Structures are given as C-alpha cells and as structure tokens.
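Please walk me through this structure, one element at a time. Keep it brisk, and give the cut-offs behind each term.

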Amino acid sequence: MIRLTVLYNLAPGQDEDAFLQWRLGEHQHENASQPGVVRTDFAIARGVWPEDATRPYRFMTTADWPDMASFEQAFYEEN
C-alpha cells in the first residue's frame, strides 16, 4: 500500500468555515474519485502535546493506493 500524507495550514486570512465546507464536501469526493484510491481521510489537529508546544500544522489529508503503479498512474499520467 502507498499512503500520501499532506500536512498543512491555511494561508492567513482564509475563512476556515468555508474551507471546511469545501474540503469535507466537494473536495473529499474529488479525492475519493482519483484513479486507484482505496481510502482517503481528513483530520484537524486541535491540540498539541506538551501543551506549551507550537502546533506545526492544523490539517492533514491522507490518500491510499494499493500499489506504486496505481499511485504513479494517478499522479504522473494524464487522465
């Protein structure tokens, strides 16, 4: 299995509520519809440990493919 993990923050000033509506709706469907994807997920980092640490990112997206060939087809070949 190949897992792509993307850790990220929104740019300053972006509307987080609007982003979440898009990310959890339209974009989640787009991610799940990519060729060969067997699973995709989204998460929000709400806290850190230890409590005084700086949170390096707020959001995480993962996508899984069954093998390297299907991952490469999804990313490197024109569909």
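Ring pairs join Y8, F19, W22, F42 and F59 into a cluster. Rings of Phe, Tyr and Trp (its six-membered ring) pair if their centres lie within 6.5 Å; planes under 30 degrees apart are stacked, over 60 edge-to-face, and the rest tilted. This is a predicted model, where local features need pLDDT of at least 70, side-chain atom pairs count only at pLDDT 80 or more, and totals for chains, interfaces and linings use all residues. Residues are numbered from 1 along each chain as its sequence is written, and side-chain values use heavy atoms, with hydrogens and water left out.

The whole structure holds 10 aromatic pairs. F19 and W22 form a tilted one, at 6.0 Å centre to centre and 45° between the planes. Both sit in helix α1, 3 residues apart, about one turn of the helix. Helices (H or I, at least four residues) and strands (E, at least two) are DSSP runs, numbered from the N terminus. F19 counts as buried because its relative accessibility is 13%. W22 is partly exposed because its relative accessible area is 35%. Buried means under 20% relative accessible area, exposed over 50%, and partly exposed in between (1.4 Å probe, protein chains only). W65 and F71 form an edge-to-face pair, with 5.1 Å between centres and 80° between the planes. Both of these residues are buried.

Now follow the helix itself. Helix α1 spans residues 16-32 and has a kink of about 40°, centred on R23. The bend at a residue is the angle between axes fitted to the seven residues ending there and the seven starting there. F19, L20, R23, H27 and N31 are buried in α1. The buried residues of α1 pack against β1 (2-8), β2 (39-44) and β3 (59-65).

What surrounds R23, leaving aside its neighbours within four places in sequence? R23 is then in contact (heavy atoms within 4.5 Å) with Y8, Q28, N31, D41, F42 and T61. Its side chain makes polar contacts with the side chains of Q28 at 2.8 Å and T61 at 3.2 Å. A polar contact is a pair of N or O atoms within 3.5 Å; within protein, one must be able to donate a hydrogen and the other to accept it, and residues adjacent in sequence count only if both atoms are side-chain atoms.

Finally, R46 lies in the loop between β2 and β3. R46 is exposed because its relative accessible area is 64%.
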